Structures are given as C-alpha cells and as structure tokens.
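My entries follow in the order I looked things up.

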Amino acid sequence: MSSVADIATVNWRADFPAIPEGWHYLDTAATAQKPRAVIDAIEKAYAEDYATVHRGVYRRSADMTIAYEAARQRVARFLNARSSDEVVFVRGATEAINLVAQSWGIANLKAGDRILLSKLEHHSNIVPWQLIQERTGVAIDVCPLTEDGRIDLDAAEAMLTPAHKLVAFAHVSNVLGSLLDARRATELAHAVGAKILLDGCQAVPRIAVDVQQIGCDFYVFSGHKLYGPTGIGALSARAELLGAMPPWQGGGSMIDRVTFAKTTWAPAPQRFEAGTPNIVGALGLHAAIDYVDAIGLDLIHKHETALVAEARAALSAINSVRLYGPVDSAGIVSFAIEGVHPHDIGTILDEEGVAIRAGHHCAQPLMEHLDIPATARASFAIYNDADDVAALARGVERVTRIFG
Ligand SMILES: Cc1ncc(COP(=O)(O)O)c(C=O)c1O
C-alpha cells in the first residue's frame with residue numbers, strides 16, 4: 001500500500017481557505033470544506049450572473065438556465081447516468097430519499113409488501129420508510145452486518161423474497177466506512193423483482209460511481225459532502241421509473257397546465273422540482289464536481305485509504321482504544337476509548353486543534369447493535385495529510401492520560 005507521504009505530492013489544503021494552519025479538520029463525513037473554485041463559482045453567480053431560471057425571457061435568465069441545466073448534465077456525467085433527464089436536483093440525500101419514498105413508495109407499496117434496509121443505515125434511510133410504513137402497511141426487514149461491520153449480502157440473499165419491492169442500502173457507511181458491493185446488492189434485489197436505492201452520500205466523495213455499471217434504480221447524494229455547497233444534492237433514477245412517478249410536491253415549475261378543473265404535470269425531472277430551485281447551489285455543485293474530477297477519484301480514494309491505514313495503526317497502538325469497522329474502511333474511522341465518553345474525547349481533541357465528530361452519527365440502530373451509545377469518528381478528505389493523523393494520535397494519547 002502506498003504511504004501518505006508517497007502520494008501527497010500536491011498540497012491540496014492550499015485550495016481550502018477555511019482550513020487555517022494548525023487546524024486538523026477530520027469531520028468531512030459530516031460536511032466537507034469548500035475549495036476556492038467552489039467559493040469563486042458561487043460568488044460569481046451571485047455577483048455577476050444572477051437571475052432566475054426557466055422563466056425569464058431576457059438574456060441573463062436564459063444564460064442562467066443554460067448554466068443550471070449544464071450543472072444537471074455535469075451530475076449525470078459524474079454518475080454516468082444515461083442522460084440529464086435522469087437527474088433531479090434536491091436539497092440533499094435526505095430530501096432525495098423522502099422524494100422516492102413519498103412518490104414511488106406511495107404509488108407502489110402496499111400491505112403485504114416488504115422493504116429491506118440494513119442495520120448500519122443513516123436515519124435518513126430509515127425514517128422516510130417508516131413514514132411510508134405508517135401510510136401503506138409495508139413491512140420493513142433489517143439486514144444484519146458481518147463481524148467487521150459490512151452489510152451482510154449473504155444474509156440479504158437469504159432474506160429476500162418476491163414480497164420485497166425495495167432494497168435501500170448505504171453505499172458507504174457514515175460510521176464504519178464499510179463499502180458495499182453495490183453491484184452484487186443490485187443483482188440480489190433484481191433477482192426477486194425488487195428495486196434498489198443506494199445512499200451514496202459517503203461514496204461519491206470517495207470512490208468513482210457508475211450507476212449504469214452498478215445497475216441500480218435510485219442513487220442519491222448530498223453536494224455538501226462532495227466539497228460543494230449545502231442545500232443541493234441529486235437523485236439519479238432510471239428514466240422509466242421517474243417518468244412513471246407522481247409528483248410529491250406541488251407548485252410552480254413542475255406543471256404542464258393548471259386549471260381549477262384539472263392540472264397536468266411537466267415531464268421528469270421538472271415534475272419533481274417545484275418552486276424556484278437552488279440555482280446557485282447547482283452551479284456550486286458543478287464547480288465541486290469539476291474540482292474532484294480534476295484530481296481524480298482514484299487518487300482521492302488512494303489518498304484517503306493511506307490516511308485511514310495510518311490512523312488505524314496509530315490509534316490501535318494506544319492502549320484502551322477500540323476501533324470499529326473493516327480495516328479497509330473508506331475514509332472513515334470510528335473508535336472509542338474504554339471508560340471515556342466520546343463527547344469528552346471530542347472536547348479534548350478540540351483543545352488540541354483536532355475537529356472530529358462524537359455521537360451516534362444519526363445511526364442509533366447501529367449504535368444499539370454495537371452496544372455503545374456513541375463513537376468518536378475521524379473522517380478524511382483530500383485536504384488531510386500525515387500531520388492530521390499525528391495530531392489525532394497525540395490528542396487521543398492525551399485523552400488516555402487525562403482519564404488515567
Ligand atoms: C450515509 C448518509 N446518508 C444520508 C445522510 C444525510 O445527508 P443530508 O443531511 O445531507 O441530507 C448522511 C449525512 O450525514 C449520510 O452520511
């Protein structure tokens with residue numbers, strides 16, 4: 001395996017103005033810092049080019065519409081979707097999953113049907129389905145995990161039946177960093193006639209995703225974890241599915257014709273984008289994808305894998321530290337220290353200039369499975385380096401000294 005020193009030949013941190021010297025930001029799984037290119041694109045959009053989209057008859061609005069639709073095409077190319085018509089802009093992954101649940105779910109699920117989730121899902125891939133369960137009577141099954149914290153696809157295969165209409169799994173766990181074999185999960189779902197939704201929030205910033213190669217039906221992500229702005233994300237769905245789905249929110253932009261007698265809908269994806277969209281968010285996301293692609297996800301993945309290996313080695317050398325998740329976790333390391341609450345770990349690390357996340361990470365069923373209330377989580381990105389890992393290890397050593 002290449003070491004961090006081998007591959008960190010470029011100082012990517014210099015691209016991120018909000019990371020001062022001596023501050024070790026290890027909370028990218030919550031939200032990524034923004035490169036100058038994204039900040040500049042947002043500033044230019046508001047300071048020079050701003051106007052509404054899809055409605056204006058004047059030049060500026062037409063240009064903004066072209067830029068907004070170019071962002072959609074960029075997302076489609078990034079995920080290798082068949083066309084930009086397969087991309088719906090949403091606020092983020094949470095909204096994307098709620099959209100699928102409220103639209104596809106209400107139209108297609110009924111009592112007697114089943115959904116398969118997993119024990120490591122983020123609350124945003126659990127609660128929307130529970131809301132649908134209340135309305136339709138659909139049953140929810142929970143796939144167990146392997147010993148090292150992956151979704152157990154052998155168990156999924158044994159559990160799936162023709163009653164299952166949907167499988168919804170995280171592509172990468174936000175707590176354990178476990179990477180799903182998305183292709184196999186898709187084949188298992190399709191073998192019983194179920195659709196599959198993949199929550200790609202933690203995957204798209206870390207690995208190259210090709211939705212056609214995976215073969216999935218729905219793929220969702222949030223822009224802010226991909227170095228883009230908050231308030232923008234995408235749902236990618238196969239065109240025939242989107243085309244058959246009813247709207248889930250009503251308003252301007254999503255209609256064909258409105259009368260008090262009857263209203264007809266615009267085709268997808270507009271049908272799912274009611275109201276004035278997050279125009280500048282889409283442009284910021286476009287800039288973020290350009291930034292990530294210019295570096296290359298293979299290199300980003302290699303960089304983060306090397307950092308994770310170094311972090312796991314440094315932390316496991318400290319007595320009383322327990323690591324969670326598979327050894328080859330993607331960019332994320334969860335850990336605990338015997339007898340110390342993760343919030344205390346986070347507070348002491350903060351005094352050392354190390355920002356980590358401590359808590360249940362919106363994955364309470366996973367915490368229950370691990371039999372702990374919370375973990376400390378360090379997550380890595382392109383702007384991290386060996387210094388950040390060393391600062392993390394120093395901080396954790398200090399925690400163990402303080403707590404004896
Ligand atoms: C795996 C996963 N799914 C979904 C979400 C929800 O993303 P958002 O809050 O941006 O909608 C997150 C955010 O932490 C996540 O890590």
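This is a predicted model: local features need pLDDT of at least 70, side-chain atom pairs count only at pLDDT 80 or more; totals for chains, interfaces and linings use all residues.

Entry 1: I found an oxygen atom of the ligand 2.7 Å from an N or O atom in the side chain of serine 222. For histidine 224, I noted an N or O atom of the side chain 2.7 Å from a ligand oxygen atom. Glutamine 202 also has a polar side-chain atom 2.7 Å from an oxygen atom of the ligand. I then looked up the cover: the ligand has 400 Å² of accessible area on its own, and the protein covers 85% of that.

**Entry 2: the shell.** Which residues surround the ligand? I listed Ala93, Thr94, His122, Ser124, Asn174, Asp199, Cys201, Gln202, Ser222, His224 and Lys225. Sorted by class, I have seven polar, two nonpolar and two charged residues in this shell.

**Entry 3: the largest pocket.** Next I asked what space the ligand takes, and it is the largest pocket. I noted about 300 Å³ of space in the largest pocket. Its lining is made of 22 residues, and the closest to the pocket centre are His122, Ser124, Cys201, Gln202 and Lys225. I sorted the lining into ten polar, seven nonpolar and five charged residues.

**Entry 4: cavities.** I then turned to cavities. How many of 30 Å³ or more does a search of the whole structure find? I recorded two.

**Entry 5: the largest cavity.** I have a volume of about 50 Å³ for the largest cavity. The residues lining the largest cavity are Ala81, Arg82, Glu86, Val211, Cys216, Asp217, Phe218, Tyr219, Ser236, Ala237 and Arg238. I checked which elements give two or more residues to this lining, and they are strand S7 (218-222) and strand S8 (233-237). By class, I sorted the lining into six nonpolar, four charged and one polar.

**Entry 6: the second largest cavity.** I put the second largest cavity at about 30 Å³. Which residues line the second largest cavity? I wrote down Leu120, Arg150, Ile151, Ala170, His171, Ser178, Leu179 and Leu180. By class, I have five nonpolar, two polar and one charged in the lining of the second largest cavity.

Technical notes. Residues are numbered from 1 along each chain as its sequence is written. Side-chain values use heavy atoms; hydrogens and water are left out. A residue is near a molecule or strand if one of its heavy atoms lies within 4 Å of it. A polar contact is a pair of N or O atoms within 3.5 Å; within protein, one must be able to donate a hydrogen and the other to accept it, and residues adjacent in sequence count only if both atoms are side-chain atoms. Accessible areas come from the Shrake-Rupley method with a 1.4 Å probe; for residues, only the protein chains shown count as cover. On a 1 Å grid over the protein atoms alone, a cavity is a set of points where a 1.4 Å probe fits but cannot get out, and a pocket is an open set with protein on both sides within 12 Å along at least five of seven lines; lining residues have an atom within 4 Å of a point. A molecule sits in a cavity or pocket if more than half of its atoms lie within 2 Å of its grid points. Ala, Val, Leu, Ile, Met, Phe, Trp, Tyr, Cys and Pro count as nonpolar, Asp, Glu, Lys and Arg as charged, and the others, Gly among them, as polar. Grid points are joined across faces, edges and corners, and a volume is the space filled by probe spheres set on the points. Helices (H or I, at least four residues) and strands (E, at least two) are DSSP runs, numbered from the N terminus.
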